[in-house]
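Thanks for coming. I will take a few minutes on one structure, so please look at the screen.

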Amino acid sequence: MKMTFNLAIRTFIVALLLGFWVNQLAASDLKRVSLVAKDVLLLEFDDGHIEYYGEGEEWWKGFDNITYHSPLDLSEAETLANYTITSPDHSGWGTVTPSLIGRKSKGAEFNEANADIEYTLEHKIYLKLPQEMVDGNTYTITVNDLADNLNEFTFTLDSTRMRSESIHVNQIGFAELGRKIAYVSQWMGDLGHLELNDMAGQSFNIVRYSDGVVVHTGTIGFRAEHDNELHIIHNGKLVNMPSVLKNHTHADVVECDFT
């Protein structure tokens with residue numbers, strides 16, 4: 001399913017940005033709320049937790065893993081009406097229901113092969129909003145009892161400090177003499193890819209987290225379309241890669257070179 005979104009964050013914040021974390025319990029919990037774009041929210045749910053005791057050669061001691069498991073109701077989690085976003089200070093916002101929803105899920109913790117519950121899952125729910133949120137305004141998202149740990153979460157939008165799932169940087173660091181690049185892309189499960197082709201040629205900023213000062217400005221470059229081969233620039237020329245090196249992210253990719 002191909003969707004076209006206005007990313008709305010025209011100036012990217014290339015940094016290690018914090019998300020809004022909420023208390024994680026051993027059940028089906030809302031673990032984190034973060035940004036994909038100013039009109040796309042990401043909600044992360046956790047199905048449970050495994051306390052590990054005897055495994056492998058330790059099984060004969062009689063210790064068993066303890067599994068806390070309360071799976072997310074996927075049918076309800078994919079129902080638009082179960083999510084509402086309100087704002088007391090965003091003029092004209094009112095009560096907003098997402099216009100589109102997407103999900104992707106993966107294994108989180110794994111049990112013994114013969115256990116009644118062999119694994120727990122974590123789920124990423126993408127909510128496409130009918131309008132963009134605005135920095136400095138406060139928003140409350142309500143999830144209609146989908147989570148065990150809370151039913152609503154309130155945050156003040158600050159796109160220079162709130163983590164964006166779309167921005168990917170090397171969290172180890174960069175070689176002194178090597179290229180330093182941050183990539184922007186997002187595959188939103190069954191909602192499809194975030195279209196970013198119109199971002200090429202626009203500007204991005206690197207912002208110092210401690211005080212919000214812009215320390216570098218650059219230009220966003222094109223890297224790959226969601227269904228295309230990777231584009232590599234070598235000595236100023238485009239290198240055509242063989243088809244085996246196609247873009248396997250299933251998402252448009254642009255790059256912020258801050259070498």
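A patch, as I use the word, is made of residues with over 30% relative accessible area and no salt bridge; like charges are joined within 9 Å, and nonpolar side chains (Val, Leu, Ile, Met, Phe, Trp, Tyr) within 5 Å. A salt bridge is a side-chain nitrogen of Lys or Arg within 4 Å of a carboxyl oxygen of Asp or Glu. Accessible areas come from the Shrake-Rupley method with a 1.4 Å probe, and for residues only the protein chains shown count as cover.

The model is predicted: local features need pLDDT of at least 70, side-chain atom pairs count only at pLDDT 80 or more, and totals for chains, interfaces and linings use all residues. Residues are numbered from 1 along each chain as its sequence is written, and side-chain values use heavy atoms, without hydrogens and water.

Now the patch. Tyr52, Phe110 and Tyr119 form a nonpolar one on the surface, with about 330 Å² of accessible area together. Tyr52 sits in the loop between β5 (48-51) and β6 (66-69); strands here are DSSP runs of E, at least two residues, numbered from the N terminus.

Next, strand β10, residues 119-128.

As for partners, strands pair if DSSP finds at least two bridges between them. Strand β4 (residues 40-46) runs antiparallel to β10, with 7 bridges, and Leu41 stands opposite Leu127. Strand β9 (residues 100-110) is also antiparallel to β10, over 10 bridges, with Ser105 opposite His123.

Conventions. Helices (H or I, at least four residues) and strands (E, at least two) are DSSP runs, numbered from the N terminus.
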